[in-house]
Amino acid sequence: MRVDLGNALSEVADPGLSRTELDELDERVADAHERIERGRADAEHGYAALNLPETANLDAIRTAVEPFADAEAVLTVGIGGSALGAATLADGLPSETDAYFLDNVDPEHVSRLLDSLPLDSTAVNVVSRSGTTAETLANFLVVREAMDDAGVDWTDRTFVTTGREGNLRRLAEKEDLPALDVPDGVPGRFSVLSTVGLACAAIQGHDLDAILRGARDEADRLAGSLYESPAYAYGAVSYALEERGAAVNAMMPYAESLETFAEWFAQLWAESLGKDGRGQTPARALGATDQHSQLQLYRAGPHDKMVTLVRPEERADRAIPHTDLDGLSYLGGSSLGDLLDAEFEATEASLAEAGQPNVRVEIDRVDERSLGELLYGMEAACVVYGELAGVSTFTQPAVEWGKKAARGLLGGGDFEEADAVAEKTTLTVE
């Protein structure tokens, strides 16, 4: 992973950082790195996620998914961090085994998906650390019923990824289901490089060793200076730009296969850093598509955002045929890849010309190793941002409030959060 900060400097961007400010920030990165390394050494909660390139148990994953070697499809039932990491890998890497995700409880979507799946040849992975996640368990009960109705023995097609205790663990023991452990000390949004994110990739036939090798390479670049660590450079500059008014971070990959990565990034950034009135709001965009929808705002709107432009340097390409149509002959002889690269560089220059800060992130190609680098790099970037901002990166109290309110509304207990729903102020216009 390579990070170019040039268009975040004050000589180009407003807000931006001067070279002196970047050097001063680098001194704080050194302190943050020491704290992160202590957390990793002691496998503290959250920091343990940065050890996954060394601690992830690939043998356990391969053993658990072995009964599903014949699967034509894999269905992950989870939500948030229990699904987005696996989806990022699935959408980024080609496979003959299709991957699907039930990460919402929209009844129409759930019904359409289940009606379309070959349930007798689908592997189902139910993912919940606690084993009590309402959305995940509700969807699993629906999936199980659909399999029963189709005459499929759901116990032959299901495995679980969960904590050492809880409803799913007890179910796995009762029904003799394969079960993977969610690693201790790893919040869901940081779990892509663990059993949570890699089981689906294993069923799809992807190279798990290469994914972790890429992550390990990025981990080896963590250092006491942002000038030596791409991950720290990205996280530190994002933090500094937010301090100067860039409260939005628009993540804009220039590869269709990385669109889900932007969704994964949005959860990582929002849930980790949105604390105490702080944090950047992640916005998701796709190049070149959103040059025709969002770029107008990014270039000519308020200077309250940074744009992150991500691209692979190598990709499969396709030639553009020659044409005699007026005004289009210049396209003939080039390729779609040439056009996409030109769009990338034009967008980057357009933002810089308007003084809007932007950062370039590049990987070699969209493959297992480079995705491992990118995912680990963004996790480390998020952690160093949290250290610099002084927020509790690995907690999510606002999310827990909403879970309690929903559970109370469904009769799952007496929660004062549910009472607040009845106090809603209304002003309805019909």
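# Salt bridges, pockets and surface

Trainee: What relative accessible area does Arg369 have?

Mentor: Arg369 has 25%, so this residue counts as partly exposed. Keep in mind that this is a predicted model.

Trainee: Which residue does Arg369 pair with in a salt bridge?

Mentor: Glu373 is the partner. The closest N and O atoms of the two are 3.4 Å apart.

Trainee: Where do Glu373 and Arg369 lie?

Mentor: Both are in helix α14, residues 368-389. They sit 4 residues apart, about one turn of the helix.

Trainee: And Glu373, buried or exposed?

Mentor: Glu373 is buried. Its relative accessible area is 2%, and the cut-off for buried is under 20%. Arg369, at 25%, is partly exposed.

Trainee: What does Arg315 pair with?

Mentor: Arg315 meets Asp341 in a salt bridge, at 3.3 Å from N to O. Arg315 is in the loop between β9 and α13, while Asp341 is in helix α13, so the pair ties together parts 26 residues apart in sequence.

Trainee: Why do Arg315 and Asp341 count as partly exposed?

Mentor: Arg315 has a relative accessible area of 29%. For Asp341 the value is 24%.

Trainee: What about Glu11, which residue is its partner?

Mentor: Glu11 forms a salt bridge with Arg19. Their closest N and O atoms are 3.9 Å apart. Both Glu11 and Arg19 are exposed.

Trainee: New topic. What is the volume of the largest pocket?

Mentor: About 940 Å³. Its lining has 36 residues. Nearest the centre of the pocket lie Ile79, Ser130, Thr133, Glu400 and Lys403.

Trainee: Which elements give two or more residues to the lining of the largest pocket?

Mentor: Four names to look up: β4 (122-128), α6 (134-149), α11 (259-273) and α15 (397-409). The most comes from α15, with 6 residues.

Trainee: How do the lining residues of the largest pocket divide?

Mentor: They split into 14 nonpolar, 14 polar and 8 charged.

Trainee: And how much space lies in the second largest pocket?

Mentor: About 250 Å³. The second largest pocket is lined by 17 residues. Leu52, Thr55, Ala56, Asn57 and Pro183 lie nearest its centre. Two or more lining residues come from α2 (52-55), and likewise from β6 (179-181).

Trainee: By class, what is in the lining of the second largest pocket?

Mentor: It has 9 nonpolar, 5 polar and 3 charged residues.

Trainee: Which residues line the largest cavity?

Mentor: Gly81, Leu84, Gly85, Ala86, Gly188, Ser191, Val192, Val196, Gly197 and Trp264. They divide into 5 nonpolar and 5 polar, with no charged residues.

Trainee: Which helix gives the most to the lining of that largest cavity?

Mentor: α4 does, with 3 residues. Both α4 (84-92) and α8 (195-203) supply at least two.

Trainee: Over to the surface. Which residues form a nonpolar patch?

Mentor: Leu325, Leu328 and Tyr330 do. Together they have about 340 Å² of accessible area.

Trainee: Where does Leu328 lie?

Mentor: In the loop between β9 (305-312) and α13 (336-353). Arg315 is also placed in the loop between β9 and α13. Leu328 counts as partly exposed because its relative accessibility is 36%.

Trainee: Last one. Where is the place of Thr281?

Mentor: Thr281 is in strand β8, residues 281-284. With 48% relative accessibility, Thr281 counts as partly exposed, as the cut-off for exposed is over 50%.

Trainee: What separates the C-alpha atoms of Thr281 and Ala8?

Mentor: 18 Å. Along the chain, Thr281 and Ala8 are 273 residues apart.

How values were computed: Residues numbered from 1 in each chain as written. Predicted model: local features only at pLDDT ≥ 70, side-chain atom pairs only at ≥ 80, totals over all residues. Heavy atoms only, no water. Patch = residues over 30% accessible without salt bridge, like charges linked within 9 Å, V, L, I, M, F, W, Y side chains within 5 Å. Areas by Shrake-Rupley, 256 points an atom, 1.4 Å probe, with all protein chains shown as cover. Salt bridge = Lys/Arg side-chain N within 4 Å of Asp/Glu carboxyl O. Buried < 20%, exposed > 50% of the residue type's maximum accessible area, 1.4 Å probe, protein only. 1 Å grid on protein atoms, 1.4 Å probe; cavity = no way out; pocket = protein on both sides within 12 Å on 5 of 7 lines; lining within 4 Å. Points joined across faces, edges and corners; volume = space filled by probe spheres on them. Nonpolar A, V, L, I, M, F, W, Y, C, P; charged D, E, K, R; others polar.
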